Amino acid sequence: MQNTNENGTRVNLVVGTATLTAMLNNTGSARDLISKLPYTVRVNRSPVDYCGVLSEPLKSDEAEGQPGWKNGDISYIPGDNYIAFFFDGEADSSSSGYTQHIIGEVDDPARLVAWPPGS
C-alpha cells in the first residue's frame, strides 16, 4: 500500500504474517526508497533495532544526517548502507557514533519488538 500526501508516503511493512504501517517522509533517501517499492530487505535484531543492509545505496544528502533517533524511527545510514527500524535506545542514541538519515516513522513502535529474528 502506498498513499502519498504533503507529509510523506504511507507504506505497509510486511514481516512474516505481521503488517505494520509507517510514514516515509520527503527526504531524498526516502523518495529514492519509495521509487524502489516494493522492496525486500532481510533484517536482524539488535538490542535497539532491526537493521539490514540494502542491496544498493540510496541517494542521500549529507545535510539530512543527524545524531540519534526516536523510538519508531526508520533510519538510513549511508556509510554502511543500512536501514534500521528503531524500537529502543532513544535516550542514548545521540552517542551511537552513526549519522542517521531519518526517512520515516513506524505508526506503532511497540509492535516492532514482536518482529521475528532474522525477518
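**Cores, pairings and backbone of a predicted chain**

Modeller: The largest nonpolar core of this predicted model has 22 residues, and L13, I74, F85 and W115 have the most contacts inside it. Strand 2 (8-15), strand 3 (18-24), helix 1 (28-35), strand 7 (73-77), strand 8 (82-86) and strand 9 (99-106) each give two or more residues to this core. A second, separate core of five residues includes C51, A84, F86 and I102. The model is a prediction in which local features need pLDDT of at least 70 and side-chain atom pairs count only at pLDDT 80 or more, while totals for chains, interfaces and linings use all residues. Residues are numbered from 1 along each chain as its sequence is written, and side-chain values use heavy atoms, without hydrogens and water.

Biologist: What makes a set of residues a nonpolar core?

Modeller: The term denotes buried Ala, Val, Leu, Ile, Met, Phe, Trp, Tyr and Cys residues joined through side-chain atoms within 4.5 Å. Buried means under 20% relative accessible area, exposed over 50%, and partly exposed in between, with a 1.4 Å probe and protein chains only.

Biologist: Why is N81 called buried?

Modeller: N81 has a relative accessible area of 12%, and the limit for buried is under 20%; therefore N81 is buried. N81 lies in the loop between strand 7 and strand 8 and has a positive phi of about 60° although it is not a glycine.

Biologist: Why is R31 called partly exposed?

Modeller: The relative accessibility of R31 is 48%, and partly exposed lies between the limits for buried and exposed, so R31 counts as partly exposed. R31 belongs to helix 1; helices are DSSP runs of H or I with at least four residues, strands are runs of E with at least two, and both are numbered from the N terminus.

Biologist: Where is confidence lowest and where is it highest?

Modeller: pLDDT is the predictor's confidence in each residue, from 0 to 100. The chain averages 88, and 92% of the residues score at least 70. Strand 1 (residues 2-5) is lowest, at a mean of 54, and helix 1 is highest, at 96. Where pLDDT is low, the predicted coordinates should not be read in detail.
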